[in-house]
Amino acid sequence: LWDAVTGQLRCTYRAFDHLDEIIAAYSVAFNMDGTKIICGYNKSLRVFDLSRPGRQCKLTPTHSKKSREGQPGILAAIACNPDRQGMMAVGSYHRTTGIYMTGEGKYFYS
């Protein structure tokens, strides 16, 4: 996260895979009150708390191979709902759109 006034690096937020290697997000968005960063990955969302830099995040899988439910593919677009706190729409390259609640990690619709 860069400081908009000074251009200095303020802090970093990193996601790691199951092999403990850093992975890059395909999409990034701030929540409406600016306290969290929501990142889209392949078949998962990660929510970072801006007050806690580092690798700690809440991981939300968006697709299950066993049940074939959820939203598959790379999550490439995230938009937060200004009228409902915590609700967001997530689009994927798999031509699906999912509705999620950030606080609960619930998946509502595809």
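**A chain built of strands**

In this chain, 32% of the contacts with a separation of 6 or more are made by residues 24 or more positions apart, a contact being heavy atoms within 4.5 Å. The structure is a predicted model, in which local features need pLDDT of at least 70 and side-chain atom pairs count only at pLDDT 80 or more, while totals for chains, interfaces and linings use all residues. Residues are numbered from 1 along each chain as its sequence is written, and side-chain values use heavy atoms, with hydrogens and water left out.

The secondary structure consists of zero helices and 10 strands. Both kinds of element are DSSP runs numbered from the N terminus, helices being H or I of at least four residues and strands E of at least two. Read from the N terminus, the order is β-β-β-β-β-β-β-β-β-β.

As for overall dimensions, the C-alpha atoms fill a box of roughly 45 × 40 × 20 Å along the principal axes. The radius of gyration is 14 Å, which agrees with the value near 13 Å that a compact globule of 110 residues would have; it is taken over C-alpha atoms, and the globule rule is 2.2 Å times the number of residues to the power 0.38.

Of the 110 residues, 33% count as buried; buried means under 20% relative accessible area, exposed over 50%, and partly exposed in between, with a 1.4 Å probe and protein chains only. The accessible surface of the chain is about 7300 Å², and carbon and sulfur atoms contribute 52% of it. These areas come from the Shrake-Rupley method with a 1.4 Å probe; for residues, only the protein chains shown count as cover.

Aspartate 20, in the loop between β1 (15–16) and β2 (22–23), has a positive phi of about 65° although it is not a glycine. Aspartate 20 counts as partly exposed because its relative accessibility is 47%. Arginine 95 also is not a glycine and has a positive phi, near 65°; its place is the loop between β8 (87–92) and β9 (97–101). Arginine 95 has a relative accessible area of 83% and is therefore exposed.

The cysteines remain to be considered. A disulfide is a pair of cysteine sulfur atoms within 2.5 Å, and by this rule the count is zero. Cysteine 11 is in no disulfide, the nearest cysteine sulfur being that of cysteine 39, 12 Å away. Cysteine 11 counts as buried because its relative accessibility is 17%. Cysteine 80 is likewise in no disulfide, and its nearest cysteine sulfur, that of cysteine 39, is 11 Å away.
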